[in-house]
Amino acid sequence: MAPPPPAKDYAALVRALARPDGESEWVEFKLAFANPKDIGKYISALANSAVLNEQPYGYLLWGVEDGTGKLIGTKFDPHSAKKGNEPLENWLLRLLEPKINFSFHAVEEDGARIVLAEIERARSKPVQFDGMRHIRIGSVTRPLQQLPERERALWRAFDQTPFEQRAINGGGMDAGKAIQALDSLAYFKLLQLPAMQDPLLTAKALLADGMLESTLSADWNITNQGAILLADDLRSFPNLQRKAVRVIQYDGKSKVVAAREQVFHRGYAVGFNSLIDYIATLIPTQEVFGRALREDIPKFPILAVRELVANMLVHQDFAVTGAGPMVEIFSDRIEITNPGESLIEPARLIDAPPRTRNEAMAAFMRRVGICEERGTGIDKAMLAIELAQLPAPLFETPPGATRITLFARRELKNMSRADRIRAAYQHACLRYVMGEKTTNATLRDRFGVSSANSAVVSRILRDALEVGVIVMKDKTAGPRNRAYLPYWVAPTANGTEDFI
């Protein structure tokens with residue numbers, strides 16, 4: 001069972017917000033105001049204005065006097081309030097689009113009962129209530145459509161604020177509680193640094209790495225990056241619990257019967273080795289006979305699986321809700337799927353410079369040795385696959401996702417024409433990025449074909465040329481001297497590559 005989210009000191013937050021100049025574009029004071037429709041408009045406006053003001057939350061406080069910040073108190077009870085026969089919170093959430101987290105909290109401060117609504121900032125697009133988007137101008141709430149400059153600025157802000165830097169619910173804690181929600185000991189171990197005993201110094205170290213942020217009330221928020229990489233348990237963070245990695249092993253080649261399923265709830269960085277170790281135990285083996293002994297070896301090279309799983313974690317699109325990274329293991333293949341379509345064309349994943357939506361997260365994963373620098377993880381995986389003489393992996397982008405499928409070994413005669421052409425193309429890509437040429441001989445080695453059967457490989461190369469995935473380096477070269485390039489390398493008239 002997941003531990004409860006870290007407690008938040010809302011009384012301290014009220015004290016920090018309730019000032020004479022406390023009202024702003026992301027903070028609103030009210031006394032007995034409780035009109036449900038207007039509350040919905042405020043939630044929309046404060047969520048959107050928090051983005052423009054670079055705040056993780058907007059706040060609506062009842063029982064605080066505007067202009068003085070004096071704590072008057074209120075009788076408003078959001079938990080018993082209704083709109084018609086529907087509880088107020090349910091009604092508000094139903095009319096908000098996209099759905100965001102907001103919560104009501106009642107605190108006693110200086111003998112006054114104060115109600116605070118904490119409203120998560122908009123994530124990837126403006127929040128609307130009942131079909132209308134709102135924004136704050138100073139302390140005034142206006143329809144966003146009436147303020148085109150603000151609307152443009154808001155969209156620019158969504159593009160400029162990465163997912164990793166946004167604060168997550170459960171923030172506003174003291175240093176001890178903040179680092180308790182994260183595995184700070186594992187963090188220092190990953191960095192090969194001695195652990196700090198002082199909670200404040202530990203929090204400052206995590207702050208420097210973008211895992212925490214300091215708050216208005218001198219407390220600490222956990223960022224998305226901190227939670228997704230270092231969480232002891234992602235179920236403590238409702239917004240991220242669906243991003244835990246699922247590993248499913250099936251009986252046979254179909255999804256009809258699942259033999260095992262495990263969800264890894266630890267943060268990606270602190271739980272990565274355990275994840276890979278578990279996958280390794282599920283990978284089916286095949287019997288191989290040596291000169292004197294026989295041994296069982298995995299059907300899929302662990303190195304390739306490791307690199308592709310790391311790639312899956314780093315390059316997923318966290319804006320895709322309701323889905324998380326998944327590894328599915330069959331008797332004849334492994335499917336590795338992450339939310340979000342690849343930023344790179346699948347055909348260019350081997351050679352293209354790395355691009356990721358999650359730059360800070362990728363940088364940390366590289367620093368601790370989980371990911372490769374400069375996108376060479378895919379190259380390492382491909383090299384391991386070729387050395388094991390496995391069929392070429394399949395890179396796909398089904399709607400809203402990216403999937404890489406690794407196939408168990410098959411004899412060349414059992415591979416389809418598409419499988420052979422894909423292997424020839426990927427071989428040419430890999431050889432090119434390694435600064436080497438592709439020939440009939442290198443492709444024979446890749447498939448494990450003897451020189452006596454070079455005609456078989458020649459047919460594969462002809463098929464690949466025919467469909468246009470490779471080109472000849474020099475069309476004037478004789479059959480024995482022919483070399484091949486991926487289609488995206490333009491040969492010049494004298495037969496040398498144009499590297500421009």
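In the protein chain of this predicted model, 63% of the contacts with a separation of 6 or more are between residues 24 or more positions apart. The chain has 500 residues, of which 50% count as buried. Its secondary structure comes to 15 helices and 24 strands. Taken along the principal axes, the C-alpha atoms fill a box of roughly 90 × 50 × 45 Å.

**Aromatic pairs**

The structure holds 13 aromatic pairs. One of them is formed by Tyr187 and Phe364, and this pair is stacked. Tyr187 belongs to helix 6 (residues 184–190) and Phe364 to helix 11 (residues 359–367), so that the pair links parts of the chain 177 residues apart. Both Tyr187 and Phe364 are buried.

Another stacked pair consists of Tyr425 and Tyr487; the angle between their planes is 25°, which is under the 30 degrees that stacking requires. Tyr487, in contrast, is partly exposed, because its relative accessible area is 33%.

| Stacked pair | Centre to centre | Angle between planes |
|---|---|---|
| Tyr187 and Phe364 | 6.0 Å | 10° |
| Tyr425 and Tyr487 | 5.7 Å | 25° |

Ring pairs also join Trp62, Phe76, Phe102 and Phe104 into a cluster.

**Charges over rings**

The ring of Phe330 has the charged end of Arg333 over it, 3.7 Å from the ring centre. Arg410 is placed over the face of Phe407, and here the distance to the ring centre is 5.7 Å.

**Packing of helix 13 and helix 15**

Two packed helices are described by the angle between their axes and the distance between the axes. On the side of helix 13, the contact is made by Arg417, Arg420, Ile421 and Ala424. Helix 15 contributes Ile460, Asp463, Ala464, Glu466 and Val467. By class, this contact has 5 nonpolar and 4 charged residues, and no polar ones.

Definitions and conventions. Residues are numbered from 1 along each chain as its sequence is written. This is a predicted model: local features need pLDDT of at least 70, side-chain atom pairs count only at pLDDT 80 or more; totals for chains, interfaces and linings use all residues. Side-chain values use heavy atoms; hydrogens and water are left out. Rings of Phe, Tyr and Trp (its six-membered ring) pair if their centres lie within 6.5 Å; planes under 30 degrees apart count as stacked, over 60 as edge-to-face and the rest as tilted. Helices (H or I, at least four residues) and strands (E, at least two) are DSSP runs, numbered from the N terminus. Buried means under 20% relative accessible area, exposed over 50%, partly exposed in between (1.4 Å probe, protein chains only). A charge sits over a ring if NZ of Lys or CZ of Arg is within 6 Å of the ring centre and within 35 degrees of the ring normal. Contact means heavy atoms within 4.5 Å. Ala, Val, Leu, Ile, Met, Phe, Trp, Tyr, Cys and Pro count as nonpolar, Asp, Glu, Lys and Arg as charged, and the others, Gly among them, as polar.
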